[in-house]
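Dear colleague,

My findings follow directly after it.

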Amino acid sequence: MPIRLTEDGKFELRCFLDRSVLELFTADAQCLTSRIYPTREDAVEIDLYAENRPVTVQSLDVWEMGTMRPSTSIKD
């Protein structure tokens, strides 16, 4: 996903992974949704890269997402 940079060459990216759905959001309202396969043996890391210029990660925060609601059982 091409990302538009601010005047100082920076951007903020928020990533959400919910099982096999990855959603990426930038501060200027760009969005990308993709299906991934985290159970594959080669799915063990995250890569960030740029074309035509170097990238520096200034900060990285990771949180584990909770469930939307507790699981419930259906009673007859």
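Helices (H or I, at least four residues) and strands (E, at least two) are taken here as DSSP runs, numbered from the N terminus. On that basis, the protein chain holds zero helices and three strands, and its pattern, read along the sequence, is β-β-β. Please bear in mind that this is a predicted model.

The sheet

How are the three strands arranged? They form an open sheet in the order β1-β2-β3, with antiparallel pairing. β1 (13-18) and β3 are the edge strands, each of them pairing on one side only. From one strand to the next, the twist averages 15 degrees.

The pairing of strand β2 (residues 21-26) with β3 is antiparallel and runs over five bridges. Within this part of the sheet, Glu-23 has Thr-33 of β3 standing opposite.

The loop between β2 and β3

Asp-28 is located in the loop that links β2 and β3. Residues count as partly exposed when their relative accessible area falls between the limits of 20% for buried and 50% for exposed. Asp-28 has a relative accessibility of 34%, and therefore counts as partly exposed. In sequence, Asp-28 and Leu-13 are 15 residues apart, while in space their C-alpha atoms are 9.7 Å apart.

The segment after β3

Val-62 is found in the segment after β3 (31-35). Is this residue buried or exposed? Its relative accessible area is 70%, so Val-62 is exposed, given that the term applies over 50%. Val-62 also belongs to a nonpolar patch on the surface, together with Leu-48, Val-55, Val-57 and Leu-60. The accessible area of these residues together is about 520 Å².

The chain as a whole

Of the 76 residues in the protein chain, buried residues make up 5%. The chain has an accessible surface of about 8000 Å², and carbon and sulfur atoms account for 52% of that surface. As for contacts between residues at least 6 apart in sequence, 20% join residues at least 24 apart.

In short, the elements to look for when opening the model are the open sheet in the order β1-β2-β3, the loop between β2 and β3 with Asp-28, and the nonpolar surface patch that includes Val-62.

With kind regards

Note on methods. Residues are numbered from 1 along each chain as its sequence is written. This is a predicted model: local features need pLDDT of at least 70, side-chain atom pairs count only at pLDDT 80 or more; totals for chains, interfaces and linings use all residues. Side-chain values use heavy atoms; hydrogens and water are left out. Patches are made of residues with over 30% relative accessible area and no salt bridge: like charges are joined within 9 Å, nonpolar side chains (Val, Leu, Ile, Met, Phe, Trp, Tyr) within 5 Å. Accessible areas come from the Shrake-Rupley method with a 1.4 Å probe; for residues, only the protein chains shown count as cover. A salt bridge is a side-chain nitrogen of Lys or Arg within 4 Å of a carboxyl oxygen of Asp or Glu. Buried means under 20% relative accessible area, exposed over 50%, partly exposed in between (1.4 Å probe, protein chains only). Two strands pair if DSSP finds at least two bridges between them. Axes are lines fitted to C-alpha atoms, for helices over the stretch in contact, and angles run from 0 to 180 degrees between N-to-C directions. Contact means heavy atoms within 4.5 Å.
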